[in-house]
Amino acid sequence: KKESQASGFSGCNRFTGTYKSDATSLKFSSAMAMTRMACPEMGTETTFMDVLTRAKSWKIEGTTLHLYAADGKPLASFTALSQ
């Protein structure tokens, strides 16, 4: 597995860290660095970051990325939007 950089916006804060992935497995670093801005609603961001730390496999179908837990149960799906 190759280690790569992950970074993004989680709804309120920015995050950065590393991940390892191959054809189906996925593991984000447990120590993601994040800015610490306080926002009125942190629930969505907390859930999103929890999904990243729990994700162990992935699959892409069309324009949708599916993330799965270690037991194979779906955690989240993300669909790319054209701009």
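This is a predicted model: local features need pLDDT of at least 70, side-chain atom pairs count only at pLDDT 80 or more; totals for chains, interfaces and linings use all residues.
Residues are numbered from 1 along each chain as its sequence is written, and side-chain values use heavy atoms, with hydrogens and water left out. Local features need pLDDT of at least 70 and side-chain atom pairs count only at pLDDT 80 or more, whereas totals for chains, interfaces and linings use all residues.

**Largest pocket**

The largest pocket has a volume of about 210 Å³. A pocket is an open set of points on a 1 Å grid over the protein atoms alone, where a 1.4 Å probe fits, with protein on both sides within 12 Å along at least five of seven lines. The volume is the space filled by probe spheres set on the points, which are joined across faces, edges and corners. Lining residues have an atom within 4 Å of a point; here they are Ala6, Tyr19, Leu26, Phe28, Phe48, Leu52, Trp58, Ile60, Leu65, Leu67 and Phe78.

By class, the lining comprises 11 nonpolar residues, with no polar and no charged ones. In this classification Ala, Val, Leu, Ile, Met, Phe, Trp, Tyr, Cys and Pro are nonpolar, Asp, Glu, Lys and Arg are charged, and the others, Gly among them, are polar. At least two lining residues come from each of β3 (26-28), α1 (43-54), β5 (57-61) and β6 (64-68). Helices (H or I, at least four residues) and strands (E, at least two) are DSSP runs, numbered from the N terminus.

In soluble globular proteins, nonpolar side chains tend to be buried together. The largest nonpolar core of this model has 13 residues, and Phe28, Met32, Leu52 and Leu67 have the most contacts inside it. Two or more residues of this core are given by each of β3, α1 and β7 (74-79), and the largest share, 3 residues, comes from α1. Such a core is a set of buried Ala, Val, Leu, Ile, Met, Phe, Trp, Tyr and Cys residues joined through side-chain atoms within 4.5 Å.

Leu67 belongs to the pocket lining and is also among the core residues with the most contacts. Residues up to four places away in sequence aside, Leu67 is in contact (heavy atoms within 4.5 Å) with Leu26, Val51, Leu52, Ala55, Ser57, Trp58, Lys73, Pro74, Leu75, Ala76 and Phe78.

**Aromatic pairs**

The structure holds 3 aromatic pairs. Rings of Phe, Tyr and Trp (its six-membered ring) pair if their centres lie within 6.5 Å; planes under 30 degrees apart count as stacked, over 60 as edge-to-face and the rest as tilted. Tyr19 and Phe28 form a tilted pair, with 5.7 Å from centre to centre and 40 degrees between the planes. Phe28 is buried at 13% relative accessibility, while Tyr19 is partly exposed at 25%. Buried means under 20% relative accessible area, exposed over 50%, and partly exposed in between (1.4 Å probe, protein chains only).

The ring centres of Phe48 and Phe78 are 5.9 Å apart and their planes stand at 85 degrees, so this pair is edge-to-face. The pair links distant parts of the chain, since Phe48 is in helix α1 and Phe78 in strand β7, 30 residues apart. Phe48 is partly exposed at 21% relative accessibility, and Phe78 is partly exposed at 32%. Ring pairs also join Phe15, Phe48 and Phe78 into a cluster.

| Residue | Relative accessibility | C-alpha separation | Places apart along the chain |
|---|---|---|---|
| Arg36 | 70%, exposed | 14 Å to Gly8 | 28 residues |
| Cys39 | 23%, partly exposed | 24 Å to Leu75 | 36 residues |
| Glu41 | 56%, exposed | 8.6 Å to Cys12 | 29 residues |
| Met42 | 28%, partly exposed | 7.5 Å to Cys12 | 30 residues |

Not counting residues up to four places away in sequence, Met42 touches Cys12, Asn13 and Met37.
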